Amino acid sequence: MDCHTPEELSGVGMTSQRTRNRMVERLAAGGIRHARVLEVMAAEPRHLFLDEALAHRAYEDTSLPLGLGQTLSQPWIVARMSELVALAEPQRVLEIGTGSGYQTLILSRLVRSVWSVERIAALQSRARQRLKRLGAHNVNLRHADGGMGWPQAAPFDVVLLTACASELPQPLLRQLRDGGVLIAPLADSEGRQWLTRVRRRGLAFDHQRLEEVRFVPLLEGVIR
Ligand code: SAH
């Protein structure tokens, strides 16, 4: 018996639950263990965070262009960073680099509240519409240079950067609560990027280097 849904027959099968389940199976096979992260990524519509022309590729394990020189991270990276955030069991998370808003959405389903900063106004307004439509009411967005953090909402349990820094902006470290963690791609002196977890202990910051990654750079200033 043919068991295609009407949706798949009409050509939007790439956005179906089955496609998402396959993505999540690949994530689990690739070492993602956090059950809630897998559950959330199986449920949320990644294809709505891309231009229509690219939406059919949303569940491939690849990064994809968002326009304006920015990229939506590949699913594995979103899963890995979400897992690192979730392991810290945070309530308040600051994200630098809203981009499409996809990572923001996943975070919003894992923690009590998310603050997310984006320097490019056009990306931010698209992300705002998507997040509103998907009912992510525990997300606060701001158009600003994320290097300044969000002092009015500090301290945060976790700070997550989705763009690569060579040096961590001091305000982000200061806005971390004692015992909190910052997760970021950090570039070494040869320009290689490493996903890094920094834990605050009083005035000390312990760095733990995780896997090699590739992100767009953290840039200063804003684009209107
Ligand atoms: N998490 C995003 C990935 C976007 S790529 C997603 O899921 O789609 C990284 C984003 O960081 C870009 O949108 C870029 O404009 C933004 N960015 C870079 N430097 C920034 C800064 N200083 N402040 C805020 N956003 C920044």
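**Ligand, helix and strands**

Mentor: One nitrogen atom of the ligand sits 3.3 Å from an N or O atom in the side chain of threonine 162, a polar contact (a pair of N or O atoms within 3.5 Å; within protein, one must be able to donate a hydrogen and the other to accept it, and residues adjacent in sequence count only if both atoms are side-chain atoms). Taken alone the ligand exposes 580 Å², and the protein buries 99% of that; accessible areas come from the Shrake-Rupley method with a 1.4 Å probe, and for residues only the protein chains shown count as cover. This is a predicted model, in which local features need pLDDT of at least 70 and side-chain atom pairs count only at pLDDT 80 or more, while totals for chains, interfaces and linings use all residues. Residues are numbered from 1 along each chain as its sequence is written, and side-chain values use heavy atoms, with hydrogens and water left out.

Trainee: Which residue has a polar side-chain atom 2.6 Å from an oxygen atom of the ligand?
Mentor: The ligand is surrounded by 26 residues, where near means that a heavy atom of the residue lies within 4 Å. A nitrogen atom of the ligand is 3.3 Å from a polar backbone atom of glycine 97. The side-chain atom at 2.6 Å from a ligand oxygen belongs to glutamate 118.

Trainee: Which residues of strand 4 point the other way from Ser113, Trp115 and Val117?
Mentor: Strand 4 covers residues 113-118, and six of its six residues are buried; buried means under 20% relative accessible area, exposed over 50%, partly exposed in between (1.4 Å probe, protein chains only). Strands (E, at least two residues) and helices (H or I, at least four) are DSSP runs numbered from the N terminus. In a regular strand the side chains alternate between the two faces of the sheet. Opposite in direction to Ser113, Trp115 and Val117 are Val114, Ser116 and Glu118.

Trainee: What stands opposite isoleucine 96 in strand 4?
Mentor: Strand 3 (residues 92-96) and strand 4 pair in the parallel sense over five bridges; pairing requires that DSSP finds at least two bridges. The residue opposite isoleucine 96 is valine 117.

Trainee: Which backbone nitrogen lies 2.7 Å from a polar side-chain atom of glutamate 83?
Mentor: Glutamate 83 is in helix 4 and counts as buried at 7% relative accessibility. The backbone nitrogen of histidine 34 is 2.9 Å from a polar atom of the glutamate 83 side chain. The nitrogen at 2.7 Å is that of arginine 33.

Trainee: Where is threonine 196, and is threonine 196 buried or exposed?
Mentor: Threonine 196 is in strand 8 (residues 193-201). Its contacts (heavy atoms within 4.5 Å) include Leu182, Ile183 and His207. A polar atom of its side chain is 2.9 Å from the backbone oxygen of tryptophan 194. Threonine 196 is buried, at a relative accessible area of 5%.

Definitions and conventions. Lists of a residue's contacts leave out its neighbours within four places in sequence.
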